[in-house]
Amino acid sequence: MSWKDNLIKIQPYTAGEQPNKTDFIKLNANENPYPPSPEVIRAIREFNGENLKKYPNADAVPLRAALAKRFGLECENVFAGNGSDDVLALCFRAFFNSGKPIIYPDITYSFYPVWCEMLKIPYETIPVDENFNINAADYDRPNGGVVIANPNAPTSIGRGPDFIREILDCNRESVVIVDEAYVDFGGISALPLLNEYENLVITQTFSKSRSMAGMRIGYALGNKEIISALFAAKDSYNSYPMDSVAIAAGIASVEDEEYFAETISRVISSRERLTEGLRAFGFDLPDSSANFVFAEHPKYAARDICEFLKTKDIYVRYFSKPRIDNRLRITVGTEEEIDKLLDALAGLK
C-alpha cells in the first residue's frame with residue numbers, strides 16, 4: 001500500500017471563478033456590492049495592533065453578546081465562528097451522529113454534500129419540484145437530521161415560517177438546521193420559532209447583508225444545550241477560531257443598524273430592477289428573496305451566455321449540474337454594474 005492510498009478522496013466545493021485581474025464586473029459570488037458600515041472600517045483602523053500578541057476572546061463573547069442583544073436572546077443562545085461555512089461544518093459535526101442519513105434538497109448549497117463526505121455522514125437528497133420549490137411534506141420521513149437553506153441557493157426562493165414549522169413538526173427527534181445566509185434580503189427568519197422548538201438551529205452570516213465576506217464571520221442561534229454542543233465541537237479542534245479584529249469589526253457592524261437597513265434597501269431595489277430588465281430580455285426567473293437571481297433564457301444556453309459575458313468582463317455563475325445546467329445565478333450588483341450587464345445582454349439579440 002502506498003502513502004497515496006491514505007490521502008483523502010473527496011470532490012471539494014467549487015467557488016465562483018476568481019479572475020486574476022481587477023477591471024471586471026464580478027457577479028458570481030453573491031457578495032454585497034457596497035462597502036461595510038463606516039463604523040466597521042473605523043473599528044479596524046482604530047484597533048490596537050499591539051493587542052494581537054494576545055489570544056482573542058476564546059468564545060467571542062463580546063460579539064455574541066451584541067448579537068444576542070439584537071435578536072432578544074441570551075448570550076448562551078449564540079455561537080460565532082469564521083463565516084457560516086465554518087459554523088455549518090461544526091453543526092454537521094456536532095449534531096449529525098446518529099448513523100441515519102440526513103436529508104436536504106437536491107438543489108441547494110453545494111457545500112452540504114462535501115461536509116457529509118468529509119465527516120462520513122450518510123445523506124439523502126429530496127428533489128425540489130419543477131419550479132424549484134421545496135415541499136415540506138417530503139421531509140416527513142425517518143432521518144438523522146434536516147438542513148434547509150431559506151432562502152434557498154442557488155434558486156433564490158424564500159419561504160415563510162409556516163413552511164419551516166411544518167418541517168419542524170414532523171422532525172421533532174432530529175436537529176433541523178435552517179441556513180439563513182440570505183434572509184436579510186427579503187426572506188422571513190425562523191427566529192420566532194426558537195422558543196417553540198428545541199431542535200431548531202438557525203445559521204446566518206456577515207458575508208452577504210453586512211458586506212463583510214472578507215472578514216469571515218458567521219453565527220448560529222439555538223437553545224443553550226444545542227449551542228453548548230457546538231462549543232464542545234469547536235473546543236475539540238480550535239479553541240480560538242475568531243480573531244480579535246473580526247470580533248471588533250463584527251460588533252461595530254451589529255451596532256450600526258441604520259447603515260445595515262440602508263444597504264439592504266439599496267440591494268433589494270437593484271434586484272427588482274435587474275429582475276425586470278432580465279424578464280424584458282425574455283429570461284425566466286423566480287421572484288428572488290436573496291441578493292441574486294436565478295435566470296434561464298428560452299433561446300440561449302446558459303453556458304453560452306456565461307462565456308459571452310466573460311468577453312465583456314462580466315462574470316456570472318454557471319452550474320454544470322443536472323436540472324440547473326441551463327440557469328445562471330447572477331448576483332445583484334451596483335446600479336452601474338446592472339446597466340453594463342443589461343447592455344451586454346442586449347448584444348445577444
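Trainee: In which helix is isoleucine 247 found?

Mentor: Isoleucine 247 is found in helix H7, residues 244-255. Keep in mind that this is a predicted model.

Trainee: Is isoleucine 247 buried or exposed?

Mentor: A residue counts as buried when its relative accessible area is under 20%. Isoleucine 247 has 7% relative accessibility, so it counts as buried. Leaving aside neighbours within four places in sequence, isoleucine 247 is in contact with Pro56, Asn57, Ala60, Pro62, Leu63 and Met242. Take Ala60 from that list: isoleucine 247 and alanine 60 are 187 residues apart in sequence, yet their C-alpha atoms are 6.6 Å apart in space.

Trainee: What can be said about the backbone of alanine 60?

Mentor: Most residues other than glycine have a negative phi, and most peptide bonds are trans. Alanine 60 has a positive phi of about 50 degrees, although it is not a glycine. Alanine 60 lies in the loop between helix H1 (38-45) and H2, and it is buried, with a relative accessible area of 2%. Lysine 120 also has a positive phi, of about 60 degrees, and is not a glycine. The place of lysine 120 is the loop between H4 and strand S4 (123-126). At 72% relative accessibility, lysine 120 counts as exposed.

Trainee: How should I read a helix? Which residues of H6 are buried?

Mentor: An α-helix has 3.6 residues a turn, so residues three or four places apart point the same way. In helix H6, residues 224-234, the buried residues are Ile226, Ile227, Leu230, Phe231, Ala233 and Lys234. Viewed down the axis of H6, these buried residues fall within an arc of 160 degrees, so they line one face of the helix. They pack against helix H2 (61-71), strand S2 (78-81), helix H3 (83-95), strand S7 (200-205) and strand S8 (218-221).

Trainee: What caps the N-terminal end of H6?

Mentor: Asparagine 223 does, with a side-chain oxygen 2.8 Å from the backbone nitrogen of glutamate 225.

Trainee: Now a strand residue. Which side chains does the side chain of glutamine 204 reach by polar contacts?

Mentor: Glutamine 204 lies in strand S7 and counts as buried at 4% relative accessibility. Its side chain makes a polar contact of 2.8 Å with the side chain of glutamate 180. Another, of 2.6 Å, joins the side chains of glutamine 204 and tyrosine 219.

Trainee: And where does serine 211 lie?

Mentor: Serine 211 lies in the loop between S7 and S8. Serine 211 counts as buried at 13% relative accessibility. The side chains of serine 211 and asparagine 32 are joined by a polar contact of 3.2 Å. The side chain of serine 211 also reaches the backbone oxygen of tyrosine 34, at 3.0 Å.

Trainee: How many cavities of 30 Å³ or more does the structure hold?

Mentor: There are 3. The largest cavity has a volume of about 50 Å³. Serine 211 returns here: the lining of the largest cavity is Ser37, Ser209, Arg210, Ser211, Ser253, Asp256, Tyr259, Phe260 and Thr263. By class, that lining has 2 nonpolar, 5 polar and 2 charged residues. Helix H8 (residues 257-280) gives the most to it, with 3 residues.

Trainee: Which residues line the second largest pocket?

Mentor: They are Asp86, Ala89, Leu90, Arg93, Val114, Trp115, Met118, Leu119 and Tyr237. The elements that give two or more residues to this lining are H3 and helix H4 (112-119). The lining residues divide into 7 nonpolar, no polar and 2 charged, and the space in the pocket is about 150 Å³.

Definitions and conventions:
Residues are numbered from 1 along each chain as its sequence is written. This is a predicted model: local features need pLDDT of at least 70, side-chain atom pairs count only at pLDDT 80 or more; totals for chains, interfaces and linings use all residues. Side-chain values use heavy atoms; hydrogens and water are left out. Buried means under 20% relative accessible area, exposed over 50%, partly exposed in between (1.4 Å probe, protein chains only). Helices (H or I, at least four residues) and strands (E, at least two) are DSSP runs, numbered from the N terminus. The arc is that of the directions from the helix axis to the C-beta atoms. Contact means heavy atoms within 4.5 Å. A polar contact is a pair of N or O atoms within 3.5 Å; within protein, one must be able to donate a hydrogen and the other to accept it, and residues adjacent in sequence count only if both atoms are side-chain atoms. On a 1 Å grid over the protein atoms alone, a cavity is a set of points where a 1.4 Å probe fits but cannot get out, and a pocket is an open set with protein on both sides within 12 Å along at least five of seven lines; lining residues have an atom within 4 Å of a point. Grid points are joined across faces, edges and corners, and a volume is the space filled by probe spheres set on the points. Ala, Val, Leu, Ile, Met, Phe, Trp, Tyr, Cys and Pro count as nonpolar, Asp, Glu, Lys and Arg as charged, and the others, Gly among them, as polar.
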